[in-house]
Amino acid sequence: MTSANSQSMKPATVAKKLGIYLPATPQEFQDSTISRADFAELQTNPPEWLAELRRNGPHPRPVVAQKLNVSISGLARGGVEEALTTAEITALLQAPPAWLVTERSTHAAVRTEAQRVKDEAAKKDAKKARAQAE
């Protein structure tokens with residue numbers, strides 16, 4: 001196994017790790033494999049095209065979901081299947097449609113329930129640890 005093969009990533013992997021929409025990247029980026037060193041360089045010293053993509057989009061669905069504070073499934077239920085730009089996301093946030101209001105409250109309820117379950121499990125673990133210590 002050569003170090004070049006084990007230390008390179010496909011453009012789709014790099015785009016996912018950088019949180020950018022692969023079809024919006026330059027063609028030379030899409031056609032190349034990226035070494036771990038190049039990836040680290042992209043993270044620490046992003047070129048202008050990468051900074052522009054992060055700033056204005058289009059953004060991939062996970063980033064859109066995060067910015068709208070909904071789940072990726074919530075985006076799909078709301079009919080958002082494509083990448084959105086920062087301007088489109090801002091417009092949705094300024095005048096939220098009914099589906100967005102519903103999905104945001106659903107997402108908040110799911111997060112609250114997940115935190116409750118986590119806290120409950122931590123209490124049980126602490127109680128079990130105290131019982132074993134005695």
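Guide: Contact here means heavy atoms within 4.5 Å. With that in hand, 58% of the protein's contacts with a separation of 6 or more come from residues 24 or more positions apart. Some housekeeping: this is a predicted model, where local features need pLDDT of at least 70, side-chain atom pairs count only at pLDDT 80 or more, and totals for chains, interfaces and linings use all residues. Residues are numbered from 1 along each chain as its sequence is written, and side-chain values use heavy atoms, leaving out hydrogens and water.

Now the part itself: Pro62. You'll find Pro62 in helix H6, which covers residues 61-68 (helices are DSSP runs of H or I, at least four residues, strands are runs of E, at least two, and both are numbered from the N terminus). Pro62 has 49% relative accessibility, so it counts as partly exposed; buried means under 20% relative accessible area, exposed over 50%, and partly exposed is in between, with a 1.4 Å probe and protein chains only. Go 11 residues along the chain and you have Ser73, whose C-alpha atom is 9.9 Å from that of Pro62.

Stepping back, there are nine helices and two strands in the protein, running α-β-α-α-β-α-α-α-α-α-α from the N terminus. The C-alpha trace spans about 60 × 50 × 25 Å along its principal axes. As for burial, 23% of the 134 residues count as buried.
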